[in-house]
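Keep the viewer open and follow the residue numbers.

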Amino acid sequence: MIKMENVKKHYKDFDLECTMEVRPGCVTGLIGKNGAGKTTAFKTILGLIDTDGGSVQVFGKPIRAFGKQDREKLGVVLSDSGFSGVLTVTDLLPILNAMYPDFQKEEFIRKCEAFSIPLKKKITQFSTGMKRKLQVLTSLSHDSRLLILDEPTAGLDVVARDRLLELLRDYMEQGERSILISSHISSDLEGFCDDLYMIDGGKIILHEDTDVLLGSYALLKLTEEQYEAVDKAYILWRKKESYGYGCLTDQKQFYLENYPDIAVEKGSIDELLLTMICGEKQK
């Protein structure tokens with residue numbers, strides 16, 4: 001569905017260098033702290049910014065070669081864009097109907113009402129969460145094959161996030177579709193994505209299937225003495241801590257079986273990411 005190969009974008013104080021793929025029928029997550037490069041990567045995929053190298057293909061063709069029918073297959077939410085504040089949802093209906101031949105008007109209205117989005121209130125009066133819900137519901141309203149969602153759960157409470165993710169799960173059950181989704185709330189993505197990319201400083205620092213990441217990766221909490229004595233062959237990253245070292249491994253079972261005296265913790269994706277961003281690669 002999406003293939004980025006050695007894509008480069010240079011800014012005065014930031015460089016994007018990214019290789020990433022979203023496979024058909026899969027949900028791929030892009031996680032990283034604010035400013036890590038998630039939005040830049042999304043805009044690159046959509047052809048909204050020019051690149052300085054590499055290639056991007058969506059549906060097997062460059063985004064620059066997209067026609068109207070190709071774009072109709074995309075559902076997009078960007079973190080820094082939205083609808084004109086002077087419009088109401090009712091005002092949007094004829095616009096969306098004209099833009100998308102497959103616009104599902106009645107279903108869109110039903111979902112807006114279910115998510116407590118007022119139809120006749122100006123969008124400028126919406127809360128951040130309401131604006132984000134409207135964006136996501138719009139991306140789901142026209143039978144798109146690929147969703148590109150940048151921080152779609154930002155500004156939502158826990159209940160709204162869960163309901164929105166449930167809608168996205170339903171979307172994935174309707175034929176061969178794919179989703180690329182970013183979030184700095186990585187717990188939202190743990191049970192939703194098939195695979196995850198971690199980005200920091202514009203570079204992909206890890207790509208792994210979510211099941212492997214949650215099943216085989218772990219944090220070793222080692223004293224100075226334990227760190228000196230342990231086999232470091234399967235330690236990927238280390239981070240200095242007050243007690244010694246926190247170490248990231250992708251071979252949890254090896255350390256459970258061979259070092260029963262050390263602390264081996266599953267760790268959340270946030271903790272794994274923190275170890276990589278704030279730590280250093282094991283030499």
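The paragraphs below take up strands, then pockets, then single residues.

This is a predicted model, in which local features need pLDDT of at least 70, side-chain atom pairs count only at pLDDT 80 or more, and totals for chains, interfaces and linings use all residues. Residues are numbered from 1 along each chain as its sequence is written, and side-chain values use heavy atoms, with hydrogens and water left out.

Start with strand 1 (residues 2–10). Helices (H or I, at least four residues) and strands (E, at least two) are DSSP runs, numbered from the N terminus. Two strands pair if DSSP finds at least two bridges between them. Strand 1 and strand 2 run antiparallel and are joined by seven bridges. They form a hairpin, with four residues between them. Within this pairing, Lys9 has Leu16 as its bridge partner, and Met4 stands opposite Met20. Strand 1 also runs antiparallel to strand 4 (residues 53–58), with five bridges between them. There, Ile2 stands opposite Val58.

Now look along strand 2 (residues 15–22). In a regular strand the side chains alternate between the two faces of the sheet. Buried means under 20% relative accessible area, exposed means over 50%, and partly exposed lies in between (1.4 Å probe, protein chains only).

Five strands form it in the order 14-11-13-12-15, with antiparallel pairing. Its edge strands are strand 14 (263–265) and strand 15 (280–281), each of which pairs on one side only. Strand 15 is joined to strand 12 (residues 235–241) by two bridges. In that pair, Trp237 has Lys281 as its bridge partner. Helix 11 (residues 269–278) lies across strand 11 (218–222), strand 12, strand 13 (244–249) and strand 15. Helix 11 runs at about 80° to strand 12. Such angles run from 0 to 180 degrees between N-to-C directions, and the axes are lines fitted to C-alpha atoms, for helices over the stretch in contact. Contact means heavy atoms within 4.5 Å.

On a 1 Å grid over the protein atoms alone, a cavity is a set of points where a 1.4 Å probe fits but cannot get out. A pocket is an open set with protein on both sides within 12 Å along at least five of seven lines, and lining residues have an atom within 4 Å of a point. Grid points are joined across faces, edges and corners, and a volume is the space filled by probe spheres set on the points.

The largest pocket holds about 530 Å³ of space. Its lining has 21 residues, and Gly75, Val76, Val77, Met99 and Tyr100 lie nearest its centre. Strand 6 (74–77), helix 3 (89–99) and helix 5 (128–139) are the elements that give two or more residues to this lining. By class, the lining has 13 nonpolar, seven polar and one charged residues. Here Ala, Val, Leu, Ile, Met, Phe, Trp, Tyr, Cys and Pro count as nonpolar, Asp, Glu, Lys and Arg as charged, and the others, Gly among them, as polar.

The structure holds one cavity of 30 Å³ or more. About 40 Å³ of space lies in the largest cavity. Gln104, Glu107, Phe108, Lys111, Leu137, Leu140 and Ser141 line it. Helix 4 (residues 105–114) gives the largest share of this lining, three residues. The lining of the largest cavity divides into three nonpolar, two polar and two charged residues.

Some single residues remain. Glu72 sits in the loop between helix 2 (68–71) and strand 6. Glu72 is buried, with a relative accessible area of 16%. Leaving aside neighbours within four places in sequence, Glu72 is in contact with Met99, Tyr100, Pro101, His142 and Ser144. Asp195 belongs to strand 9 (residues 195–200). Asp195 counts as buried, at 1% relative accessibility.

Two backbone angles deserve a look. Asp143 is not a glycine, yet has a positive phi of about 55°. Asp143 lies in the loop between helix 5 and strand 7 (146–150) and counts as partly exposed, at 39% relative accessibility. Glu151, also a residue other than glycine, has a positive phi near 55°. Glu151 is in the loop between strand 7 and helix 6 (158–172) and counts as buried, at 8% relative accessibility.
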